[in-house]
Amino acid sequence: MAWFDPPYFCPASTELNFAHFTDAHLFAQPQEQYFGVRTAQHLQQTLAAMAAEAFDFVVFGGDLTQDHSPESYQLFAELVANSALQCPVFWVPGNHDELSQLNAMTEGQIRPEKRIEHACGQVLLINSKGDTPAGWVAENHLAELGDAIDTATSQQVFITHHHPLPIHGYLDKHILENGDALLQCIETRSRSATVLHGHTHHDYYHDYQGVEVFGTPATSVQFVKNAASWQQENLGPGYRRVRLVANKAPITEVKWLAN
């Protein structure tokens, strides 16, 4: 379980509250735009909003960079450090990201762990980055995931970048290509499971044999739902709140921020 070890242990409390934010698409320079949106400004707005909610931690869901520059990763780290957000920041890689660059910016508040343990549940952060923009979870990574699932005694939340089920839109050409294998691994071995993903730049919900699958909006720009062509719309940044209470299903909702 090299990817999932060592775990991060959250302080004991009666509930766990965290946020999932994703698809920042930053550039080297903060004033640059992605489909007319200043992505650094949207990320600043998101960090400020999450800071006001006093989360136990937050998870960035991938696609940090748009121009693939080292400076874009540095900008992410600077925006986090200069924000009012005080809690740990975890991450999973997106198809735009390089693990070496993500690891290079990981220190202090930005944490490397991929398994987060709490009395109310376990959060597992999955690597879905493949060789193409589409996603793929490697066979050995699935085996590690299965071992990590077996360690849990309560509900689990899984976070990956790519969507494991079709959204009936343009981004399905870049779906998690072995999403069924991932969901079957989760469904057959987990007592109670919720899956969160990014990549689709909008909120979605699916049910896979009792496993709830939620898409989280981007902090950058959204992609029009159910559109066969690639269409964008600036609805403002969004992120997902998640609350875990012992012996209850996770409670989750999207928080939209005004443009």
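Which strands does helix H5 lie across? In this predicted model, helix H5 (residues 179–189) lies across S9, S10, S11 and strand S12 (211–215). Its direction makes about 60° with that of S11.

Those strands belong to an open sheet of seven, in the order S1-S7-S8-S9-S10-S12-S11, with mixed pairing. Strand S1 (8–9) and strand S11 (204–208) stand at the edges; each has a single partner strand, so one side of each is left without a neighbour in the sheet. Further in, strand S9 (residues 156–160) and strand S10 (residues 193–197) pair in the parallel sense over five bridges. To find this pairing on your screen, look for Gln 156, which stands opposite Ala 193 in S10.

Now bring helix H4 (residues 139–150) into view. H4 lies across strand S7 (115–118), strand S8 (121–125) and S9, and runs at about 170° to S8. With its 12 residues, H4 reaches 17 Å from its first C-alpha to its last, close to the 16 Å expected at 1.5 Å a residue. The buried residues of H4 are His 141, Leu 142, Glu 144, Leu 145, Gly 146, Ala 148 and Ile 149. An α-helix has 3.6 residues a turn, so residues three or four places apart point the same way. The buried residues of H4 pack against S7, S8, S9 and also H5.

Next comes another sheet. This open sheet has five strands in the order S6-S5-S2-S15-S16, again with mixed pairing. Strand S6 (89–91) and strand S16 (251–256) are at its edges, each with a single partner strand, so one side of each has no neighbour in the sheet. On average, neighbouring strands here are turned by 25° against each other, direction ignored. Helix H1 (residues 39–51) packs on this sheet and touches S2, S5 and strand S15 (238–245), with a direction at about 175° to that of S2. Strand S2 (residues 15–21) pairs with strand S5 (residues 57–60) in the parallel sense over four bridges, and His 20 stands opposite Val 59 in S5.

Finally, the cysteines. How many disulfides are there? The count comes to zero. A disulfide is a covalent bond between the sulfur atoms of two cysteines. For Cys 87, the closest cysteine sulfur is in Cys 10, 9.7 Å away, which is too far for a bond. Cys 87 is buried, with a relative accessible area of 8%, and Cys 185 is buried too, at 13%.

Definitions and conventions. Residues numbered from 1 in each chain as written. Predicted model: local features only at pLDDT ≥ 70, side-chain atom pairs only at ≥ 80, totals over all residues. Heavy atoms only, no water. Pairing = 2+ DSSP bridges. Helix = DSSP H or I, 4+ residues; strand = E, 2+ residues; numbered from the N terminus. Axes fitted to C-alpha atoms, helices over the stretch in contact; angles between N-to-C directions. Contact = heavy atoms within 4.5 Å. Expected span 1.5 Å × (residues − 1). Buried < 20%, exposed > 50% of the residue type's maximum accessible area, 1.4 Å probe, protein only. Disulfide = S-S within 2.5 Å.
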